[in-house]
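I opened my notebook to go through one protein chain, topic by topic. The entries below follow the order in which I looked things up.

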Amino acid sequence: MAKVMKRLVAIETSRCVHCNFCKVAFCPSTEECIGCNACYIACPFQAVEMVEKPIDGTITISVDGKEAYVPEKITVKRALETLGYRFNQFPDEGIFAPCEVGGCWSCTVKIDGESARSCVTPIREGMKIETQYEEDVHRRLIFNYSAHPAGGVGTPLKIKQYGMGDFIELVCFTCGCNFRCPQCQNWTIAYRGKPSINVGDPRTPIEAAAIMKWLRGQYGLDRMTISGGECTLNRPWLISYIREMKRLNPDSNVRLHIDTNGSLLIPDYIDELVDAGMTDIGIDLKSLELDTFIKITGVTDRGLAERYLKTAWQAVQYINERYKEKIFLGIGIPYNQGFTTFDEIRRAGEEIARIDPEIQVCLLDYRGIYRSKITQPYPDEMRVGLGVLKDCGLRTAFCQTMDGYIVS
């Protein structure tokens, strides 16, 4: 008896409070679910379940010049997977598809000659898909651009202190993330696949850099940051953006700052960023321990989580060894008793001190946002954690609290 092919379909459960973020995040087909998972990934109340349903029929498409038959009512990504094409959440073999909600545009293929996101685009009869091609214009979804009074993990402490409520950096927030952190403070950015009201359609690196250049003229700030979401997901886009930012802002006062989780920063990627013009980088390391890392990030594939964690720590060591005199490096270490202990913080601090006790380290007071119910630590608790880091020999350690930064 022939095996019945099945597809995933999103089902709304009783947990739904009708916040409609699933529609804002990305729903490519409100009339017929194609099982893209975007609403399932994005829903802050976990009110969506994915169930299997039989596939009604097949359609004919062309992939890389060859005719193929694929199930109907699924995504281009899923259709390609049925044909043996490989998708990965780490950029090695296959098509890189890290965010899975349409925000980062890393999984782009050519459909009838136009760039399209394979993860959220519905398959249809007669499509001509190209997976092997040279991308002429890279795009990425931007949530917004803004002036920021506190900066990020890669902002030097002295600038944070001197800001005292004034704007100290301009920030470009990119959509899409490869983590699923239950306490994500930027979840409306990380899981967004549709253009925001403020910004509009996905931007090319040249368009995004031009907007930041204009904002620099409005605010008179020399520090310009790109964050997210996770800004490093679409590597060609980011390299082109930093290079264009450097071209538009050639003066020596400019600082081009990247804030990242570091999970994709292999050495040659770091080299490219430095060569393009990056001057500052902040890496939120999440944890030293794999089990804690999985709790914080929501990355349930243990092998993938281990690779992300190892890559981020190796990136810190590589940047410090190779670019210490050229690049400012800051590290963030999250703390909340809901997922870690002071003993784990100590071990992370010792490892950083082993790499270089001069590296700036900020202990971050993670709190319950998005799906998490953890309570924000009080300043006194954060002060204890700061003492643990300082006892490791870290000379530029401080902590973030609800009352501001504490340095001693």
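**Entry 1: backbone angles**

In which loop is the place of Asn37? I found Asn37 in the loop between helix 1 and helix 2 (38-42). I note here that I am working with a predicted model.

I looked up phi for Asn37 and got a positive value of about 80°, although Asn37 is not a glycine. Most residues other than glycine have a negative phi, so I wrote such cases down. Asn37 has a relative accessible area of 24%, so I list it as partly exposed.

His18 went on the list too, with a positive phi near 60°. His18 lies in the loop between strand 1 (6-12) and helix 1 (21-25). I list His18 as exposed because its relative accessible area is 57%.

Then I turned to the peptide bonds. The bond from Gly228 to Gly229 is cis, with omega near 25°. Gly229 is in the loop between strand 12 and helix 7.

**Entry 2: a buried asparagine**

Is Asn249 buried or exposed? Asn249 is buried, because its relative accessibility is 0%. I placed Asn249 in the loop between helix 7 (235-248) and strand 13 (255-260).

Next I asked what surrounds this side chain. A polar atom of the Asn249 side chain lies 2.9 Å from the backbone oxygen of Met245. With neighbours within four places in sequence left aside, Asn249 is in contact with Lys213, Arg216, Met224 and Val254.

**Entry 3: salt bridges**

How many salt bridges does a search of the whole structure find? The search gives 27. Side chains of opposite charge can pair when their charged atoms come close. I followed up a few of them.

Asp56 forms a salt bridge with Lys73, and their closest N and O atoms are 2.9 Å apart. Asp56 is in the loop between strand 2 (48-54) and strand 3 (58-63), while Lys73 is in the loop between strand 4 (66-71) and helix 3 (76-82). The two are 17 residues apart. Asp56 is exposed, because its relative accessible area is 58%. Lys73 has a relative accessible area of 27%, so I call it partly exposed.

Arg223 and Glu169 also meet in a salt bridge, at 2.7 Å from N to O. Arg223 belongs to strand 12 (residues 223-227) and Glu169 to strand 11 (residues 169-174), so this pair ties together parts that are 54 residues apart in sequence. I found both Arg223 and Glu169 to be buried.

A further salt bridge joins the side chains of Arg235 and Asp268, at 2.9 Å from N to O. Arg235 is in helix 7 and Asp268 in helix 8 (residues 267-276), 33 residues apart. Arg235 is partly exposed, because its relative accessibility is 22%. Asp268 is partly exposed as well, because its relative accessibility is 41%.

I also noted a network of salt bridges that links Glu289, Asp343, Arg346, Arg347 and Glu350.

**Entry 4: aromatic rings**

I counted 12 aromatic pairs. One of them is Phe339 with Tyr366, an edge-to-face pair with 6.0 Å from centre to centre and 75° between the planes. Phe339 is in the loop between strand 15 (328-335) and helix 11 (342-355), and Tyr366 is in the loop between strand 16 (360-365) and helix 12 (379-391). The pair links parts 27 residues apart. Phe339 counts as buried because its relative accessibility is 8%. Tyr366 has a relative accessible area of 13%, so it is buried too.

Phe21, Trp187, Tyr191 and Tyr370 form one aromatic cluster.

I then looked for charges over rings. The charged end of Lys77 sits over the ring of Phe87, 5.2 Å from its centre. The charged end of Arg307 sits over the ring of Phe90, 3.9 Å from its centre.

**Entry 5: nonpolar cores**

Which residues have the most contacts inside the largest nonpolar core? They are Ile123, Ile129 and Tyr241, in a core of 112 residues. Helix 10 (residues 302-323) supplies the largest share of this core, 11 residues.

I listed the contacts of Ile129, leaving out neighbours within four places in sequence; among them are Ile61, Val63, Leu80, Val109 and Ile123. Phe339 was already in my notes as part of an edge-to-face pair.

Conventions: Residues numbered from 1 in each chain as written. Predicted model: local features only at pLDDT ≥ 70, side-chain atom pairs only at ≥ 80, totals over all residues. Heavy atoms only, no water. Phe/Tyr/Trp six-rings, centres within 6.5 Å; stacked < 30°, edge-to-face > 60°. Helix = DSSP H or I, 4+ residues; strand = E, 2+ residues; numbered from the N terminus. Buried < 20%, exposed > 50% of the residue type's maximum accessible area, 1.4 Å probe, protein only. Lys NZ or Arg CZ within 6 Å of the ring centre and 35° of its normal. Polar contact = N/O pair within 3.5 Å; in protein donor to acceptor, adjacent residues only side chain to side chain. Contact = heavy atoms within 4.5 Å. Salt bridge = Lys/Arg side-chain N within 4 Å of Asp/Glu carboxyl O. Core = buried A, V, L, I, M, F, W, Y, C linked by side-chain atoms within 4.5 Å.
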